[in-house]
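Please consult the sequence and the structure alongside it.

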Amino acid sequence: MPTKTQHRKSQAPRLEPKTISLSHPDSLHPNSIHPGSLLSAADLSIDKVESILRLADVLEKEDALRRDKRLFKRRVSLLFYESSTRTRTSFELAAKALGADTSLVSAQSSSIEKGESLKDTGITLRALGAECIILRSPYSGAPYLLAETTGLPILNAGDGMHEHPSQALLDLRTILAHLEIGAKITETTLKGVTVTICGDIFHSRVARSNALLLPRLGARVVFCGPTPLLPEIAAQLGPNIVIERDFDRALAQSQIVMMLRIQAERLAGLALDLEEYKARYQANVDRVAAYAPKALVMHPGPMIRGLEITSEVADGRQSAIAEQVRNGVAIRMALIMRALGGDTKVSTKSRSVSPKKGASR
Ligand code: CP
């Protein structure tokens, strides 16, 4: 005969173990790169360049109240492991101009400081609702890892010594505005244009992205600098790239001159004689007036005035440096729109590029 307690137990309903669903979004293992990503200038087809530039024109001119409904309340994360002024601010302004919410994560004030990995940081941002991550990293290739592990659209805002593709696009927009060139982007849009990139080519992601993009549109790229900052192998980066060690000779061939900073943070013990460097490679008034009086002078920033460029040249009539910075916002609005799948359809009319002061072919 069962006791009272035993009787109650035998009549209790049997509890089945609960099944836990493992197919929630955070358990995704994406591995494929989102098509809205921009990781390298090498991924930019002519059509893509054309459509980004055209969209940048439209967004720049659009009424601000209309524009900020385009990505209203969408979530964009800025993940910056390295310092930045231009890129970070312009991406943030671009996202906000489209109505998106932005959140900034920098290495110094986040759990990255405690050792959290890029992968875990990306997964965390995605779990918090990020729909796109803009990444600057000191590590070449980091944007690929983030793209593969999160499945989100990733915009490369500069990765180590590898690439800075949005800088190349804003540089292209700046160049086109100054050359009397038909508006359509084709393989010959920059035919007959020589662009000299001078300075620390070896460490420069800007040089690499420009050298991958500009020859695709027909430009000839001249790399110029001393051997420790410009190894011969750099000419093999792509077609239409040559090396010229003599800056005066390079200037004499050029419609566009891009000056680069010596990246002290990446020199790793390499000793340079800075006085000799200035004598041979500085863009100063005498040199520019003698060899390239009509060339457009560019610099991605940050500049070290008095080293690779003098203040007279940086602030002079041939300088397009402030325009480069301004063009960053329009280009980055277009990139964020594409990343978030916003309505990127714009008029099929050719882009209207009004020639400005400076460079002529
Ligand atoms: N051109 C550029 O990348 O500048 P910042 O480092 O200030 O973003």
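Helices α7 and α8 cross in a right-handed manner (a crossing is right-handed if the near helix is turned clockwise from the far one by less than a right angle, and left-handed if anticlockwise). The model is predicted: local features need pLDDT of at least 70, side-chain atom pairs count only at pLDDT 80 or more, and totals for chains, interfaces and linings use all residues. Residues are numbered from 1 along each chain as its sequence is written.

**Packing of α7 and α8**

- Helix α7 covers residues 165-178 and helix α8 residues 205-213; their axes are 8 Å apart and the packing angle is about 60°. Helices (H or I, at least four residues) and strands (E, at least two) are DSSP runs, numbered from the N terminus. Axes are lines fitted to C-alpha atoms, for helices over the stretch in contact, and angles run from 0 to 180 degrees between N-to-C directions.
- The two helices α7 and α8 are therefore oblique to each other (under 35 degrees counts as roughly parallel, over 145 as roughly antiparallel, 65 to 115 as roughly perpendicular and the rest as oblique).
- From α7, Pro165, Gln167, Ala168, Asp171 and Leu172 meet Val206, Ser209, Asn210 and Leu213 of α8; two residues are in contact if their C-beta atoms, placed from the backbone, lie within 7 Å.
- This contact of α7 with α8 has 5 nonpolar, 3 polar and 1 charged residues (Ala, Val, Leu, Ile, Met, Phe, Trp, Tyr, Cys and Pro count as nonpolar, Asp, Glu, Lys and Arg as charged, and the others, Gly among them, as polar).

**Packing of α5 and α6**

- Helix α5 (residues 118-127) and helix α6 (residues 142-150) have axes that come within 9 Å and cross at roughly 50°. That makes α5 oblique to α6.
- The crossing of α5 and α6 is right-handed.
- Leu118, Lys119, Gly122, Ile123 and Arg126 of α5 meet Ala142, Leu145, Leu146, Thr149 and Thr150 of α6. By class, the contact of α5 with α6 has 5 nonpolar, 3 polar and 2 charged residues.

**Packing of α4 and α13**

- The axes of α4 and helix α13 (residues 321-339) cross at roughly 50° and come within 8 Å. Helices α4 and α13 are therefore oblique to each other.
- The crossing of α4 and α13 is right-handed. Arg86, Ser90, Phe91, Leu93, Ala94, Ala95 and Ala97 of α4 make the contact with Val325, Gly328, Val329, Arg332, Met333 and Ile336 of α13.
- The contact of α4 with α13 comprises 9 nonpolar, 2 polar and 2 charged residues.

**Surroundings of the ligand**

- Around the ligand are Ser84, Thr85, Arg86, Thr87, Arg88, Gly158, His164, Gln167, Pro300, Gly301 and Pro302; a residue is near a molecule if its C-beta atom, placed from the backbone, lies within 6 Å of it.
- Helix α4 (residues 86-97) supplies the largest share of this shell, 3 residues.
- The shell divides into 2 nonpolar, 7 polar and 2 charged residues.
- Domain 1 (32-163 + 328-339) and domain 2 (166-324) each contribute at least three residues to the shell; the domain bounds come from an automatic or database domain assignment.

**Backbone features**

- Most residues other than glycine have a negative phi, and most peptide bonds are trans.
- The peptide bond from Gly301 to Pro302 is cis, with omega near -10°. Pro302 lies in the loop between β9 (296-298) and α12 (311-314).
- Lys73, a residue other than glycine, has a positive phi near 65°. Lys73 lies in the loop between α3 (64-67) and β1 (75-80).
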